[in-house]
There are 2 protein chains.
Amino acid sequence: MTQQNDRRGAARNGPTTSRRAARTGRRSGDSGSREAILAAARAQFAEHGYDGATIRAIAAAAGVDPALVHHFFGTKERLFTAVVELPIAPSEAIAAALATVGQQPGESVGTHLASSALALWESAQTRGPFQAMLRSALTSEQAAATLREFLTTAIIDPVAGVAVGEDRQVSFRASLVATQMLGLAVSRYVLRIGPVAAARPAELAAAIGPTLDRYLTGDIGITDNH
Amino acid sequence: MTQQNDRRGAARNGPTTSRRAARTGRRSGDSGSREAILAAARAQFAEHGYDGATIRAIAAAAGVDPALVHHFFGTKERLFTAVVELPIAPSEAIAAALATVGQQPGESVGTHLASSALALWESAQTRGPFQAMLRSALTSEQAAATLREFLTTAIIDPVAGVAVGEDRQVSFRASLVATQMLGLAVSRYVLRIGPVAAARPAELAAAIGPTLDRYLTGDIGITDNH
């Protein structure tokens, strides 16, 4: 097992999972605290949303020092990532997807962004948690708020960094990117609409990439302060 | 109450609803049969999916003649529309949205399609059922299959009629349109992502219309038989 898998495995050991193999090398005191923090974080995110939950309150609910939360999980985003069992923090994935490093020669930012997202989603490790998040967002108003806040902070804000225009316009542009990518994910992985489910990732990235490019930097029909 | 509202009200009177006001003008025998048909249809769609359910089997389960099902509901699509409590059959809405009649001067097919869909979705009458369908599709594999089959027959196939290319390519093109519109609906009405939820329909249609036009008739990066 690689170090990365070990980190993922450990981070995914919430109280409701039964994967214990990855934890065999840890002291039980550590894993007890880790599980208490994850349980407290799950409850705080559910009750107060992504923006409202704080490391301080989560630590208090878990009966540990805030420094221990930072020690185990780093940022609030990575703690949330562990709670929802995503294998990678979205803002890290987005940063990589937006980096020119790794871009194919002649590949646009939009196409690279689409193909990076598809590469991530093709893994079942990402798809399950993603579907679980969408399911709870559709079932509960509070879960929808949590997912919205999380998407905004971890995905839309970084994507807005490569959009053109003043503040409100770049947020609108990044949100348009989110509509297309969210719709692609739901169509391909949840509803499995025939031609979209059957297409190769490269075909989808080629078709959708120019859409993302236009949303980020092209003409979207507004000229004033949106 | 207008005649249209009356038709809607009557069609929405499944066994689980309590809106009875719109039915006061009907004989109780009619409404009893109507409710039995809706209950049977709900069960048959849930068990066999949209493609698998038949008017004949629904009539048999309701203990009525198939002709009575046709008399009350017309087509299978309109029966499904009544079961999920949509105010209008999607294929009828799509036909109107794709018609050049009603298009603003200089408005492209894609922009007209986007603004027609948004006009429909802005009504709470459509939004509730839409959200309910998505919710069950995310919760149940069978519901996802039913929604996929229904979207394919009632929306993607008609949209494919205005796309260019041979058979497989037009289906892929229409499915790309579905990804964008589905993502827009989820982002605006379910997750309510700030800038997309706050935008005026005309702004969204202007931004998204050219995407739909390119998906339908433009360069989507494939030249061979997709």
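pLDDT is the predictor's confidence in each residue, from 0 to 100. This is a predicted model, in which local features need pLDDT of at least 70 and side-chain atom pairs count only at pLDDT 80 or more, while totals for chains, interfaces and linings use all residues. Residues are numbered from 1 along each chain as its sequence is written, chains are lettered from A, and side-chain values use heavy atoms, without hydrogens or water.

Begin by selecting residues 1-27 of chain A. Here pLDDT stays under 50, and the model has 34 contacts (heavy atoms within 4.5 Å) beyond four places in sequence. Next, colour chain A by pLDDT: the average is 82, and 85% of the residues score at least 70.

Then display both chains. For the complex, the predictor gives an ipTM of 0.76 and a pTM of 0.77. Chain A and chain B bury about 3,700 Å² between them (accessible area, 1.4 Å probe, lost on being put together and summed over both), 65% of it on carbon and sulfur atoms. Select Leu138(A), Thr179(A) and Leu191(A): in chain A these lose the most area to chain B, together 19% of what that side buries.

Finally, select helix 8 (124-139), helix 9 (141-160), helix 10 (167-190), helix 11 (194-198) and helix 12 (201-217) of chain A, each of which supplies at least two residues of the side that touches chain B. Helix 10 of chain A gives the largest share, 13 residues.

Technical notes:
Buried area = accessible area lost by both parts, 1.4 Å probe. Helix = DSSP H or I, 4+ residues; strand = E, 2+ residues; numbered from the N terminus.
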